[in-house]
Amino acid sequence: MSVRSQLVANNEHGFLEQKEDQEADAWPLAELVDTVYLKCLLLVHPESVEGFVKDVKNQCNIPVSERKSSKKKKKKQKTQTELQNHEKYLELVYLYKSHEYHSKALDTIQKQAKWINGIELTIEYLQELGKNP
């Protein structure tokens, strides 16, 4: 059983939820674990990244705000940047999809069409969205 699975299974005491007294910019444990796990996969087993980001239960940090001067942006390593640095564009699309950031996923498909099969992937993506409204 993986460390991630053990943490999720042993959540009877609510350790994976953010506490009321926790600072607003503190990371919930599940988000921290999944984000660090993804970064480790990128370094050690890059071929395993796709399977992990396709999991709709992953809690990887994806900052929604695109503000230029954000304290959170400086403190948090951006998962999408890590994937882009490793040229894992398809995996980035899957990560966005798992977090229901459909416009960002479609944007990435369009911008990275040369790295991924943009037209076919766009058609498949939209067909899946049509099936699961």
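**View 1. Helices H6 and H8 pack side by side at an angle of about 15 degrees, with their axes 13 Å apart.** Axes here are lines fitted to C-alpha atoms, for helices over the stretch in contact, and angles run from 0 to 180 degrees between N-to-C directions. Helices are DSSP runs of H or I with at least four residues, strands are runs of E with at least two, and both are numbered from the N terminus. The angle makes H6 roughly parallel to H8 (angles under 35 degrees count as roughly parallel, over 145 as roughly antiparallel, 65 to 115 as roughly perpendicular and the rest as oblique). The crossing of these two helices is right-handed; a crossing is right-handed if the near helix is turned clockwise from the far one by less than a right angle, and left-handed if anticlockwise. At the meeting place, look for Leu90, Val93 and Lys97 of H6 against Leu121, Tyr125 and Glu128 of H8, where contact means heavy atoms within 4.5 Å. Please keep in mind that this is a predicted model, in which local features need pLDDT of at least 70 and side-chain atom pairs count only at pLDDT 80 or more, while totals for chains, interfaces and linings use all residues. Residues are numbered from 1 along each chain as its sequence is written, and side-chain values use heavy atoms, leaving out hydrogens and water.

**View 2. H6 also packs against H7, at an angle of about 165 degrees and with axes 8 Å apart.** The two helices are therefore roughly antiparallel to each other, and their crossing is left-handed. From H6, Tyr89, Leu92, Val93, Tyr96 and Lys97 meet His102, Lys104, Ala105, Thr108 and Ile109 of H7.

**View 3. H6 is mostly covered, with eight of its ten residues buried.** Buried means under 20% relative accessible area, exposed over 50%, and partly exposed in between (1.4 Å probe, protein chains only). You can pick out the buried residues as Tyr89, Glu91, Leu92, Val93, Tyr94, Leu95, Tyr96 and Ser98. Their cover includes H3, helix H5 (79-85), H7 and H8.

**View 4. The largest nonpolar core has 20 residues, among which Leu38, Val49, Val53, Leu83 and Val93 touch the most other members.** Helices H2 (29-44), H3 (49-54), H6 (89-98), H7 (102-111) and H8 (118-131) each supply at least two residues of this core, and H6 gives the most, with six. Domain 1 (27-69) and domain 2 (71-132) both contribute residues, so the core lies between them; these bounds come from an automatic or database domain assignment. A nonpolar core is a set of buried Ala, Val, Leu, Ile, Met, Phe, Trp, Tyr and Cys residues joined through side-chain atoms within 4.5 Å. Zoom in on Val93 and you will find Ala105, Thr108, Ile109, Ile116, Leu121 and Tyr125 touching this residue, not counting residues up to four places away in sequence.

View 5. Glu87 is partly exposed, at a relative accessible area of 44%. Glu100 is exposed, at a relative accessible area of 62%.

**View 6. Stepping back, the protein has eight helices and zero strands.** Of its 133 residues, 34% count as buried. Among contacts between residues at least 6 apart in sequence, 53% join residues at least 24 apart.
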